[in-house]
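Have the viewer ready and follow along.

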Amino acid sequence: MLSALLGSHPPRLPARHLVRIGALFGIAEGTVRVALSRMVAAGDLVQEDGFYTLSQRLVERQARQDESRDPHTRPWDGTWEVAVVTAERRAPADRAALRHAMTALRLAELREGTWLRPANLVRGAWPEIVTAQCTLIDGRPHDDPTPLLWDLDGWAAEARRLERALDHAFDHADGLAEGFVVSAAVLRHLMADPLLPDELLPPGWPGAELRVRYDAFDRRYREVLTRHLSD
């Protein structure tokens with residue numbers, strides 16, 4: 001249900017559409033409605049007049065998901081963003097919140113309490129959870145730390161597998177359940193893309209190609225899904 005809403009713009013769907021999406025996977029209507037009620041109680045969804053909408057926290061996740069499909073980057077001058085934890089006492093909840101924020105900002109942890117990435121992303125203000133716990137530094141490592149921070153070969157291999165899965169799903173767009181699963185998997189994978197500058201990527205990096213193929217698939221899949229939900 002959350003995947004369906006995260007992929008909808010605006011993230012608001014009537015209950016009957018969510019029930020029909022659940023039916024694609026053999027989920028009974030009653031089970032879907034119980035799940036929706038629980039997500040409302042947990043603060044994941046807002047229910048009004050028979051429609052369900054993502055909560056603000058998940059709207060922010062949708063924004064990150066959208067940005068991963070069309071990333072906002074800038075030319076890289078070799079500078080790295082470095083965030084070093086300098087707060088002396090931190091509650092476990094603050095530690096977890098910082099790790100979540102750093103992952104969303106696409107920084108990677110070099111060692112305990114030291115996060116960094118190339119300064120090639122268009123940034124707004126740093127979140128308060130970061131500035132309250134960290135000292136921020138702009139620097140230039142003597143040696144490229146990229147291999148220590150990201151498994152680029154692993155990400156690329158999974159991206160190429162997903163490209164093949166998209167090609168198969170595109171040829172069988174009426175297989176709505178399969179297409180739904182592939183679509184969600186691609187979006188999750190794009191959110192894990194470190195969005196490194198070209199200078200740090202291995203030859204043949206599949207990030208841009210995966211985005212192009214997904215956009216083509218998404219347009220066709222949404223047409224078929226919309227017809228199914230409207231029948």
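A residue is called buried when its relative accessible area is under 20%, exposed when it is over 50%, and partly exposed in between, using a 1.4 Å probe and protein chains only. The model is predicted, so local features need pLDDT of at least 70 and side-chain atom pairs count only at pLDDT 80 or more, while totals for chains, interfaces and linings use all residues. Residues are numbered from 1 along each chain as its sequence is written, and side-chain values use heavy atoms, with hydrogens and water left out.

Start with the whole protein. Its C-alpha trace spans about 60 × 40 × 25 Å along the principal axes. The protein has 10 helices and 7 strands; these are DSSP runs numbered from the N terminus, with helices being H or I of at least four residues and strands being E of at least two. Of its 231 residues, 43% are buried. If a contact means heavy atoms within 4.5 Å, then 77% of the contacts with a separation of 6 or more join residues 24 or more positions apart.

Now turn to the charges. Lys and Arg count as positive and Asp and Glu as negative, leaving out His and the chain ends; each charge is placed at NZ of Lys, CZ of Arg, CG of Asp or CD of Glu. The mean positions of the 29 positive and 34 negative charges are 4 Å apart.

Some of these side chains pair up. A salt bridge here is a side-chain nitrogen of Lys or Arg within 4 Å of a carboxyl oxygen of Asp or Glu, and the structure holds 12 of them. One of them joins Glu67 and Arg106, with the closest N and O atoms 3.5 Å apart. Glu67 sits in helix α4 (residues 56–69) and Arg106 in the loop between α5 (92–104) and β5 (108–111), so this pair ties together parts that are 39 residues apart in sequence. Arg106 is buried, at 9% relative accessibility.

Glu209 is partly exposed at 37% relative accessibility, and Arg213 is partly exposed at 28%.

Further along, Arg222 and Asp218 also lie 4 residues apart in helix α10, and their salt bridge is 3.0 Å, N to O. Here Arg222 is partly exposed at 33%, whereas Asp218 is buried at 7%. Both belong to a network of salt bridges that also links Arg69 and Asp215.
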